[in-house]
Amino acid sequence: MISIEEALSKILSEISVTNRELVPLEESLGRILADNVYADRDYPPFHRSTMDGYAIKSADYDSSKIYHCKKEIFAGMESNLDPGEEIVKIMTGAPVPEGLDAVIKIEDSQELSLENSVSKVKLNSDKIFYFMNIAVRGEDLKKGEFVLGSGTKIGMPEISLLASLGVDNVSVNSLPTVSIVSTGNEVVPVGSTPLPFQIRDSNSYSLIAILNRYNIKPKSIVLVPDEEIKITEALDKGLESDILLLSGGVSMGSMDLIPPILERLGVKKIFHKVSLKPGKPIWFGKKGKTVVFGLPGNPFSVQVCARIFLDPYIRSCLGMQISEPLRYVFYGKRKKKSSLPEFFPAFLETKDKTGLSSKSFNGSGDIRAGLFADGIALHPGEQAEILEGNVLNFFPW
Ligand code: AMP
Ligand code: MG
């Protein structure tokens, strides 16, 4: 049986889809940049006042002097000094006229009189320095400077920045197409009333949750009973997608029909079974451009396999970095019986520092197992017991 690391590396060597497309900026949230982004001009593009006040030349500042102010400059105005003009009234966001280099805020000024559009003003600031209350042209970004790398996910700060840079159509990596097939005579759709011996399909929704992170909407979601002909039909159709996600039917039971059917359909097995709990029976293979994840049916097994194997695969398809596990101390003790590495639901808790705690659950079929957890922690295979203070790998959901 191969290890988690070997399985992941085999999965990641089967990346096939990285086309790109242009999407309107407003539709780009959650998508992944296909290209690096550079600043199209300096930011700020001009010396920008960061206060409402008076722009002056710092070297001319004199708190006993009475200044004559003839002009008020607002954001969105071009600004120039007229000959002999010493100060201007200036509002936040307005360009500071050439020749002036500091802004004294309005609270530190006193307007003495206003006649013929000329106001007499005294300025009284307890400090003055070059570029006081001014955001200097290019201080945030220089024209041509690297801003965002390809593989970046577009969220709030990124979309705001792209808008500032004038990127109205964004080049993003195309999304893979995905089909989901769940098998099991006992599995019924969420909306139907299960008979006493039936259960509702929850696995499709765990998989949808992972796909949704990357804006991927599955092409099809189907439930099939454990019947060879129906499974064959569903898998054959599902193989038209870039990724086929299966749940159920990959263990050793007499109704676990998936692996032989996949092989009959020409899907090459890359591995079957990985040394981990839960999720040991996972099957992975490929036909043409399509990769197939055969996940075991238990809800927590699906969640673990989806987080540990599927999520990194999708990230790689989209040109994203794979998130490394976080490292946290463990609060409490945990024993395990088997020699397999074991994932368990864990939540973050802060005592003197932030660490991991766990709640007990009834195994991988427990529908609440993933709940109350911020993610899953790994109990290393070789360690029969983890003790308070041991440092563990943690994978946030
Ligand atoms: P299997 O891997 O097919 O042997 O299924 C293992 C367990 O997972 C069984 O108890 C199934 O009833 C359950 N199961 C299978 N498919 C689903 C599903 N789509 N949603 C929730 N539970 C499932
Ligand atoms: Mg089954």
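## Helix H6 and the six-stranded sheet

Helix H6 lies across strands S17 and S20, and its direction makes about 165° with that of S20. The model described here is predicted. The sheet concerned is open and has six strands in the order S16-S13-S17-S20-S19-S18, with mixed pairing. Strand S16 (220–224) and strand S18 stand at its edges; each has a single partner strand, so one side of each has no neighbour in the sheet. On average, neighbouring strands are turned by 15° against each other, direction ignored.

Within this sheet, S17 (residues 243–247) and S20 run parallel and are joined by five bridges. Leu244 stands opposite Val292 in S20. Helix H1 also packs on the sheet, where it touches S18, S19 and S20, and its direction makes about 155° with that of S18.

## Helix H1

Which residues of H1 (residues 4–12) are buried? They are Ile4, Ala7 and Ile11. These residues cover an arc of only 65° around the axis, which puts them on the same side of H1.

The buried residues of H1 pack against strands S18 (268–272), S19 (283–287), S20 (290–295), S23 (342–350) and S25 (375–379), and against helix H6 (299–317).

## Nonpolar cores

The largest nonpolar core has 41 residues, of which Leu245, Val274, Phe293, Phe309, Ile314 and Phe343 touch the most other members. At least two residues of this core come from each of H1, strand S13 (178–183), helix H3 (203–212), S17, S20, H6 and S25. H6 gives the most, with eleven residues. In soluble globular proteins, nonpolar side chains tend to be buried together.

Leaving aside residues up to four places away in sequence, Ile314 touches Ile210, Leu211, Tyr214, Ile216 and Ile243. Another core, of 17 residues, lies apart from the largest one; Ala234, Leu239, Val250 and Leu257 are among its members.

## Strand S5 and its partners

Strand S5 (residues 67–73) is joined to strand S9 (residues 118–123) by three bridges, and these two strands run antiparallel. Tyr67 has Val121 as its bridge partner in S9.

Three bridges also join S5 to strand S6 (residues 87–90), but here the strands run parallel. The bridge partner of Cys69 in S6 is Ile87.

How values were computed: Residues are numbered from 1 along each chain as its sequence is written. Chains are lettered from A and ligands numbered from 1 in the order in which they are written. This is a predicted model: local features need pLDDT of at least 70, side-chain atom pairs count only at pLDDT 80 or more; totals for chains, interfaces and linings use all residues. Side-chain values use heavy atoms; hydrogens and water are left out. Buried means under 20% relative accessible area, exposed over 50%, partly exposed in between (1.4 Å probe, protein chains only). Helices (H or I, at least four residues) and strands (E, at least two) are DSSP runs, numbered from the N terminus. The arc is that of the directions from the helix axis to the C-beta atoms. Contact means heavy atoms within 4.5 Å. Two strands pair if DSSP finds at least two bridges between them. Axes are lines fitted to C-alpha atoms, for helices over the stretch in contact, and angles run from 0 to 180 degrees between N-to-C directions. A nonpolar core is a set of buried Ala, Val, Leu, Ile, Met, Phe, Trp, Tyr and Cys residues joined through side-chain atoms within 4.5 Å.
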